[in-house]
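Thanks for coming. I will go through one structure, and I will keep it short.

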Amino acid sequence: MLEPEHGPAMQVEHTRTRCWVCVLSCLLLACLYVGSLYVWRSSLHRDHPSLIKRRCASVLLVSALSPAVVKAWIRILLLQNDASVWELMGVRLEGLVPAAVLPLLLTMVFYLGPLVHSAMDNPAGFTGEVQELISPDVRSWMLCVGDAVWLRNQVVAPVTEELVFRGAMLPMLVPCTGPTAAIFMAPLFFGVAHLHHIMEQRRLNQDSLVNLSTLSEGHVVGPVLCHSFCNSQGLPDIRSALRHPQRSALLFSYLTGLLVFLVLLFTLTDPFFYGAIPVCSLAAPAASACY
C-alpha cells in the first residue's frame, strides 16, 4: 500500500542524484582540462613557445580521453542509446557541410562591423581585404603554421575546448536538463574554466578577452570553426569605432550585423539543415525536442 506513495519520491530522488552526477562529471572534466595546463610549473610567459607546446600536448591528451569519460558516464547511469559516443559528441558525417558553413556565416554576419572596420583601415581598401580572405598569401599561411601562438589560438584551443566543453559536456547535461538548457549551461563551465586566464592576465597586467561561441546544431565542427574565427577577430572594438573618422558608417555596420544576426539566428540553426541530433535521444521524454 505504501509503494505508490514512495514511488514518485524515489523517482524524484533518482532524478536529483542523476543531475548531481551530471554536474559533477562536467566539473571534473573542466578541472581536468584546466589542471592539465598547470602540471607544467614554469615561470615562462604563457605565450612562450616552449610552454605553449607543453600545454597543447596536455589539452590534446585530455581531449583524446574525453570520449572515454562520456562512455564511462553513460555506463554508470545505465543509459540506453543506439548512437555512438562520437555521434553524441557531435562528430558525425550527416549534415557536415551545412554544419561547417552556416554557423560560420552567421558568426561572420555578427562580426560585420569589425570586418568593415578592418576593411576601412586596410591600405588596399575593401577590395584588398576581400582578396586577403579569398586568396591568402601562401607564405603568410606558412608563417602562421610555424607560429606557436597562432596554432594554439586558431587550432588547438578551438578544437580541444569545443570537444571537451561542448562535445563531451552536452551528452552529460542533456539527461538532467534537457537539450535547450544544456546548450546554455555548457558555456557556463567553459566560462568558469577560463577564470585562470583572468588571473594570469592580472598577474601580467594584461586585458582579458572573451570569445563568442555559437549554438550547437548536433555537430562540433561548427562551434570549432566559429571559435577559431572569433579568436582571430577578438572582441569588437566599439571604442575605436566611435573615434573613427567614418564613425556613422561603422556604427551602422555594427548595428546591421547585430540585427541580421538576430533575424537569421533561428533560421540557420534549424535542425532541418543538420539532420537528427543524436544527443537529443538522451533527454527525458518530456524534454526530448531539440528546438
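In residues 20-40, the end C-alpha atoms lie 31 Å apart, and the span is 86% helix and 0% strand. Helices (H or I, at least four residues) and strands (E, at least two) are DSSP runs, numbered from the N terminus. This is a predicted model, where local features need pLDDT of at least 70, side-chain atom pairs count only at pLDDT 80 or more, and totals for chains, interfaces and linings use all residues. Residues are numbered from 1 along each chain as its sequence is written, and side-chain values use heavy atoms, with hydrogens and water left out.

The span 20-40 comes from UniProt, where an unreviewed entry lists it under "transmembrane region" along with 52-74, 95-113, 172-193 and 249-266. Such annotations may be inferred rather than shown by experiment; feature names are shortened, and positions are in the numbering used here. Residues 249-266 are 100% helix and 0% strand, with end C-alpha atoms 27 Å apart.

Next, the disulfide, meaning a pair of cysteine sulfur atoms within 2.5 Å. How many are there by this rule? The count is 1. Cys19 and Cys176 form the disulfide, with their sulfur atoms 2.0 Å apart. The torsion about their S-S bond is about 110°, so the disulfide is right-handed. Cys19 lies in helix α1 (residues 3-37) and Cys176 in helix α8 (residues 148-177), so the pair ties together parts that are 157 residues apart in sequence.
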